[in-house]
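User: I would like to learn how to read a model like this one, feature by feature. Could you take me through it?

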Amino acid sequence: MKRFFVLLMLAIAGNARSGSDSVEVEAVLKRDFRPRGQATMDRVPQDGLQRLCTESDNKPPPALARQLEADQMKTIVYPQGSLLGDWKNGERLAQGGRGLTWSDRAGGPNDGSCYNCHQISPQESSYGTIGPSLLGFGKKRGNGAEAQRYVYGKIYNSKAYNACSQMPRLGHSGTLSAEQIKDLVALLLDPASPVNR
Amino acid sequence: MRFLVFLLAVVAAPGFAQDARKEIQRYQQMIAEGSPAELFELEGETLWKKPQGPNNVSLERCDLGQGPGVLKGAYARLPRYFKDADRVMDLETRLLYCMTTLQGRSREEATRRVFGNDDRPSEMESLSAYIAAQSRGIPMAPGNTHPKEKEAYELGRKLFFHRAGPWDFSCASCHGEENKRIRMQELPMLAQPKYARPVVATWPAYRVSNSQFKTIQWRMNDCYRQMRMPEPVFASEATVALIQFLTVNGKGEPYRGPGTKR
């Protein structure tokens, strides 16, 4: 923690201009934005990671990136038992895009919005390309305990593996439940899932 | 009517997503002689000339930057700094200013329904269509010399890259790299003139997918919705700064809207 704090201070001191930029932008957002539905104003202040990623143009110095990732890793809560859920429900979650906007119902149910950015099952040809293709993911990466733990963690908190990843922290942000993440793990890893057939 | 029939045919067609782009191009060809945007332009002309508000006057004396009532080329030179308001304004912000000053309407009343739906467009949407149409063929040349114009551009740039909210998004999360898509929708890399130019030259626009006319203020609003952020206030400095950033990045392109989009 102490080391992290020192690094944080170094990062901010070394980039003072952009540091004040974030403060300025945050003040503008507080002044010019209003709460609507579930999108309340407590969403405006940046957390430490968002600030450091913004200020470093998403390229923090390697030592700082490792420390940020280690801190994010500590947020991941793994459920007891198998991490492989139901791939069919995983596919439904991957297709859907509900969750956390001011026009979505507060409290869910939420989806994963996965196809917005990733190719996943070969049957779905309408997929985004902001994230990598996940076609054949389980076949390529294996589907053992280690792979399950990685995929669960990556969905729960993508920043634990890549500090300034553009992927939302779907578990950490409260978007998806443990059961839902397990279903998405199955979509990527279950041999019966269309992703791996 | 012909376009409605065609639209239904497109939506019903199998493989809509893959063929969407081709179909929209075909649609755009088909309607070249009678764009649905024209209906909004006509309604906008009526609203421009209609006496309204406590002062019971029309907007015909509204100065959009080229002098009171001058519409030819006005849109292509926005956003810009206005001395009377001492701030940078985009078209919709300026229209709101004229509604409150000339017509004597309250800000609350004039902004009660800035974004319409498929049943009924908003006053702002129709006015935007009418005014933007009178810049067709004129290169986009937003103000970019006044210190407040430069300030707005800088603020817009910072907002564009600022990550916040429960999903950690900035505008650049979707619009920061070349050749990316969300589902089948291609995403312009808006900090790059090459990609910003065709965008700023075609907003505001008629949206084929929901039969609505959409303005640039709406575009900012709906991006923030999808970023899971609270709602930007209509015509706020933040929205104008982003529009300033995008428009300056896309300057030089002859305006060819109000067009049609997916």
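**Reading the model**

Analyst: Let us start with one residue: Glu43(B) sits in helix H3 (residues 37-48) of chain B. Helices (H or I, at least four residues) and strands (E, at least two) are DSSP runs, numbered from the N terminus. This is a predicted model, in which local features need pLDDT of at least 70 and side-chain atom pairs count only at pLDDT 80 or more, while totals for chains, interfaces and linings use all residues. Residues are numbered from 1 along each chain as its sequence is written, and chains are lettered from A and ligands numbered from 1 in the order in which they are written.

User: Is Glu43(B) buried, exposed or partly exposed?

Analyst: The general idea is a neighbour count: a residue is buried if 20 or more other C-beta atoms lie within 10 Å of its own, exposed if 12 or fewer, and partly exposed in between, with C-beta atoms placed from the backbone. Glu43(B) has 18 C-beta neighbours inside 10 Å, so it counts as partly exposed.

User: How should I read helix packing, and at what angle do H4(B) and H6(B) pack?

Analyst: Axes are lines fitted to C-alpha atoms, for helices over the stretch in contact, and angles run from 0 to 180 degrees between N-to-C directions. Angles under 35 degrees count as roughly parallel, over 145 as roughly antiparallel, 65 to 115 as roughly perpendicular and the rest as oblique. Helix H4 (residues 91-101) and helix H6 (residues 123-133) of chain B pack at about 115 degrees, their axes 10 Å apart, so H4(B) and H6(B) are roughly perpendicular to each other. On the H4(B) side the contact uses Leu91(B), Glu92(B) and Leu95(B), and on the H6(B) side Met124(B), Leu127(B), Ser128(B) and Ile131(B).

User: How do H7(A) and H8(A) cross?

Analyst: Helix H7 (residues 145-156) and helix H8 (residues 178-189) of chain A cross at roughly 125 degrees, and their axes come within 9 Å. H7(A) and H8(A) are therefore oblique to each other. Residues that meet here include Val151(A) and Ile155(A) from H7(A), and Leu184(A) and Leu188(A) from H8(A).

User: Now the sheet: in what order do the strands of the open sheet in chain B run?

Analyst: Two strands pair if DSSP finds at least two bridges between them. Here 3 strands form an open sheet in the order E6-E5-E8 (chain B), with mixed pairing. Strand E6 (212-214) and strand E8 (259-261) are the edge strands, each pairing on one side only. Strand E5 (residues 205-207) of chain B pairs with E6(B) in the antiparallel sense over 3 bridges, and Tyr206(B) has Phe213(B) as its bridge partner in E6(B).

User: How many residues does each chain bring to the contact between the chains?

Analyst: Chain A brings 37 residues and chain B 31 residues. On the chain A side, H2(A) gives the largest share, 7 residues. Strand pairing also crosses over: 2 bridges join E1(A) to strand E7 (residues 231-232) of chain B, running antiparallel. Phe33(A) stands opposite Pro232(B) in E7(B).

Terms used:
Contact = placed C-beta atoms within 7 Å.
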